[in-house]
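Student: I would like to learn how to read a protein model. Could we go through one together, question by question?

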Amino acid sequence: MTDSPAGLSSGPGPRIADLVLEGGGVKGIALVGAAVALAENGYTFARIAGSSAGSLVGAIIAAMQQAGEPLSRVDDIMRTLDYTDMLDRRGISKAFSWWPALANGLGIVLHRGMYRGQHLEDWTRGVLADLGVRSFGDLVFDDPGSALDVNQSFRLVVTASDLSRQRLMFLPWDLPAYGIAPENFRVARAVRASSAIPFMFEPSTLRGRHGVSTLADGSLLRSYPIEIFDRDDGRPSRWPTIGVRLSSPWDEQALAKPVTGPISLISSLIYTTVDSTQVRHVSDPINVERSIFAKPKGVRWTDFDLTPAQQQSLFEAGHTAGLRWLERHPDGAPTMR
């Protein structure tokens, strides 16, 4: 097609799709498995959107494609992230690490989060830099046939929640409204903001024309932005969107999960709020059809002490789910009209 983005072909050979990745803490390794399954079957991704863990995986995939690296290496790169290092305390809470309950409380009271989240940003920055990506300016691409504004032509978009202005943010799309040049904004900084699970990780701050905004986990307001790249100009889609979820279809019967303590209560409140605000659009039949449901079992989204065996299990859960989706959709996902 003549209106394909530069560097991508919609002719014979690789199949093009936009990719949307749901948030889900450490379960995000399953997103890698599903994406690898798609890549093994000829898919390349024109644009990628993600929230929280999906923003991290999406950033690495976007950078690897930009660098011409095979997506089979995404899993190898993700395995270099030691999740326990992400539990990076600061100040007096660090001094009380031997008493986790007190350290957690001090972190929340003094710093608005049990952990800094700095290790995740530093690790992400290093990985992306090795692939030649630092700011969103490195992920700009030419896409004249898009329904999006030319200023939204980035290979990666991630969600964040602006708690100060009580609104959803799409980074880097919404940065000009804050008086910030999107092409200069560091991708690792956006990933950190999108991944800042409330009370667990310190929120990020963004100084713009409206003052100082506090940014937290994008999953609070949009954990699965499946519709983000859908056309709104009446023209047919050039290629489909494929999403990867870390949960089950909304109508599947789910077992009750006991609320056992304050952290459990907080996480249940967050996920109940997230699910209730999104169930309508993610349960639309066409959105279900273009979604891979890679729900891993036996691992909680906050299990940062993952063993190598658990990481492999998460990857395989996503990979298997991806292959099953491909079997059901040999001609690809349905496109929006």
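**A helix pair and beyond**

Tutor: Asp122 and Arg125 both sit in helix α6 (residues 118-130), three residues apart, about one turn of the helix. This is a predicted model, where local features need pLDDT of at least 70 and side-chain atom pairs count only at pLDDT 80 or more, while totals for chains, interfaces and linings use all residues. Residues are numbered from 1 along each chain as its sequence is written, and side-chain values use heavy atoms, leaving out hydrogens and water.

Student: In the salt bridge of Asp122 and Arg125, what is the N to O distance?

Tutor: A salt bridge is a side-chain nitrogen of Lys or Arg within 4 Å of a carboxyl oxygen of Asp or Glu. The side chains of Asp122 and Arg125 meet that rule, with N to O at 3.1 Å.

Student: Is Asp143 buried or exposed?

Tutor: Buried means under 20% relative accessible area, exposed over 50%, and partly exposed in between (1.4 Å probe, protein chains only). The relative accessible area of Asp143 is 7%, so Asp143 is buried.

Student: Asp143 and Arg238 meet in a salt bridge; how many residues apart in sequence are the parts this pair ties together?

Tutor: The side chains of Arg238 and Asp143 come to 2.7 Å, N to O. Arg238 lies in the loop between α8 (219-222) and β9 (241-245), and Asp143 in the loop between α6 and β4 (156-162), so the parts tied together are apart in sequence by 95 residues.

Student: How many residues of α2 are buried?

Tutor: Helices are DSSP runs of H or I with at least four residues, and strands are runs of E with at least two, numbered from the N terminus. Helix α2 (residues 53-67) has 15 residues. Its buried residues include Ala53, Leu56 and Met64. α2 is mostly covered, and the buried count is twelve.

Student: Which residues does Ser55 touch, not counting those up to four places away in sequence?

Tutor: Ser55 lies in helix α2 and is buried, with a relative accessible area of 0%. Contact means heavy atoms within 4.5 Å. By that rule, Ser55 touches Gly50, Val158, Val191, Ser194 and Ser195.

Note on methods: Expected span 1.5 Å × (residues − 1).
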